[in-house]
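Here are my notes on the model you sent over. Keep the viewer open and go through them point by point.

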Amino acid sequence: MAVINFITQEGEKISVEGTSGSIMELATSVGIAGLDGDCGGVCSCATCHVYVNETYRKIVGEAEKIEKEMLEFDELAKENSRLSCQIEISEKLDGIELIVARE
Amino acid sequence: MLDRYKQVCVIIGASHAGVYAAFALRKEGWEGKIILIDRDPNLPYHRPPLSKKFLVNGGEIEKFALKPLNSYHKAEIQLELGKNVQSVNGQEKHILLGDGNKLSYDKLILATGADAFVPPIPGLEVGKQIFTLRSAEDVKEILNGLAHCRQKQIAVVGGGFIGLEIAASLSQMGAQVCLIERELRLLSRVSCPEISDWFENFHAEKGVSIELGKELKHVKRSGDTFVLECKDGTEFSAEMIVVGVGVKVNLTLAKSAGLDTANGISVNGFMQTSIQDIYAIGDCSWHKNEAYGDMMRLESVQNAVEQAKIAASHICGNDKKLSNIPWFWSDQFDAKLQMVGLTTAYDKLCVRKESNSNSLSVWYFKGEKLIAVHAINHPKAYVLGTKFIKDGSILDQNKLQNPQIDLKPDLILA
């Protein structure tokens, strides 16, 4: 079990408990604004873009090549950008803060 | 004030478009009832994995649910699954359900999608060991059919996205797949020959037998096998056939209401049909694409989601305008094809083959204007293409097709 904290572009903080699956799936299951996951989690649409807070960046790990390429020229991309469909929930992520990139 | 709580919005069709419309209505401030109806008894699910992951791995379709059940409860969306709708009465504003009951509405959204099309070829009738793939139930039937094949010798009819994805999935499951296509190349309706050739080679390397220019004449059953005879006299045998030639838009309800239709249900920019308070969205809508200027029908997740938002917004009086560039994707074996834009009007191509990799991108131009990009194993080309199309950027086509020059905006902009 891990508590995942989402912070939307409107500044709202929403904490959700998750056990398995991807962060995107958890977010869409509770309807976090700005996290849509339109492609269903196959790294094709970039509608699940988040920024990972510094303390957790190493724990979350590096993006794979395909995800990096999807983000490289995204106008909202930053150093700490990730596509949340590619992040699996595990206990290590307990307490993580993710800022939602899109409105 | 009380009235708005009493209003009812009925949505027919609970796939991507219908489900997103229901949630978008709440987001836009709809305070009345929302009733979401579908003939499919399953909790609404993602359709793209049906021909890919779900076919290969099987399991429960709930794993691919668009939203968990409790989010419908939370948003007070009433789900009516496994229910048929017989007809729509746009004057009296009610629908007639399969069980004979009438249901009144204030606003109605048709998200009725499309059905798998089976070409009228003698002997090619869906039933025993002949399948189409459109729903979770169809996948279960295909898997069941596959289990009955001794040699796992399968014929897939159709070389478009659905046919190719089915062929790839079945092949990964150990089947011997023969894909039969009428045209002389794969993906002929949507892609240029370079993309077609790439996929033809790719599938052949993976062991799929690709048969082009083969127009089916009839299908005969002899014992446990089918013989597929083509017009040029060639014959193929298979223990099972999957037909993946495309869809036929579902217009039954629209016609029962007397709505204007063409190759879909005609709608304006707010997804309104020809009858007041009836909207049509997703695969079934015949709409004008603002970016490309043509009337069209699009079969895609992006189109479904976008039109759901537009209709919901208009119903709530907010009139949201959206005009994203259409995008699509297709996963086959370990290859990913990503597409942005529409290719119909292209007059010039720029093909970029990256050195030392299996990435290919094709850039479609109309004059100097970039109108579409098809990228195989090349997300960067897809993302940049999207950006350039949106911005209306002019590119240096010589530099673009030179793999020695990095794919970076400042290096390839004219």
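1. Start with helix α6(B), which is mostly covered: 11 of its 12 residues are buried. Buried here means that 20 or more other C-beta atoms lie within 10 Å of a residue's own; with 12 or fewer the residue is exposed, in between it is partly exposed, and the C-beta atoms are placed from the backbone. Among the buried ones are Phe161(B), Leu164(B), Glu165(B) and Ser171(B). Helices (H or I, at least four residues) and strands (E, at least two) are DSSP runs, numbered from the N terminus.

2. A word on the source: this is a predicted model, where local features need pLDDT of at least 70, side-chain atom pairs count only at pLDDT 80 or more, and totals for chains, interfaces and linings use all residues. Residues are numbered from 1 along each chain as its sequence is written, while chains are lettered from A and ligands numbered from 1 in the order in which they are written.

3. Back to α6(B), which covers residues 161-172 and reaches 16 Å from first C-alpha to last, close to the 16 Å expected at 1.5 Å a residue. The expected span is 1.5 Å times one less than the number of residues. What do its buried residues pack against? Their partners in chain B are α3 (53-57), β10 (153-157), β11 (176-180), α7 (193-205), β16 (240-243) and β23. Just after the helix, Gly174(B) has a positive phi of about 95°.

4. Now compare α10(B), residues 379-391, which spans 18 Å, close to the 18 Å expected. This helix is mostly covered too, with 10 of its 13 residues buried; Tyr382(B), Leu384(B) and Phe388(B) are among them. Have a look at what they pack against: the list includes β23 (327-332) and β24 (335-341) of chain B, but also α3 (65-72) of chain A. Gly392(B) follows the helix, with a positive phi near 65°.

5. That brings us to where the chains meet. The contact takes 15 residues from chain A and 19 from chain B, counting two residues as in contact if their C-beta atoms, placed from the backbone, lie within 7 Å. On chain A's side, α3(A) gives the largest share, 4 residues. By class, that side has 6 nonpolar, 5 polar and 4 charged residues. For the classes, Ala, Val, Leu, Ile, Met, Phe, Trp, Tyr, Cys and Pro count as nonpolar, Asp, Glu, Lys and Arg as charged, and the others, Gly among them, as polar.

6. Check the helix pair α2(B) (16-27) and α9(B) (301-315) as well: their axes come within 8 Å and cross at roughly 35°. Axes are lines fitted to C-alpha atoms, for helices over the stretch in contact, and angles run from 0 to 180 degrees between N-to-C directions. Tyr20(B) and Leu25(B) are among the α2(B) residues in this contact, and Val305(B) and Ile315(B) among those of α9(B). The residues of the contact divide into 12 nonpolar, 2 polar and 1 charged.

7. Last, is Ile87(A) buried or exposed? Ile87(A) counts as buried because it has 24 C-beta neighbours inside 10 Å, although its place is in the loop between β4 (81-83) and β5 (97-100) of chain A. Leaving aside neighbours within four places in sequence, Ile87(A) touches Ser22(A), Ile23(A), Val60(A) and Arg82(A).
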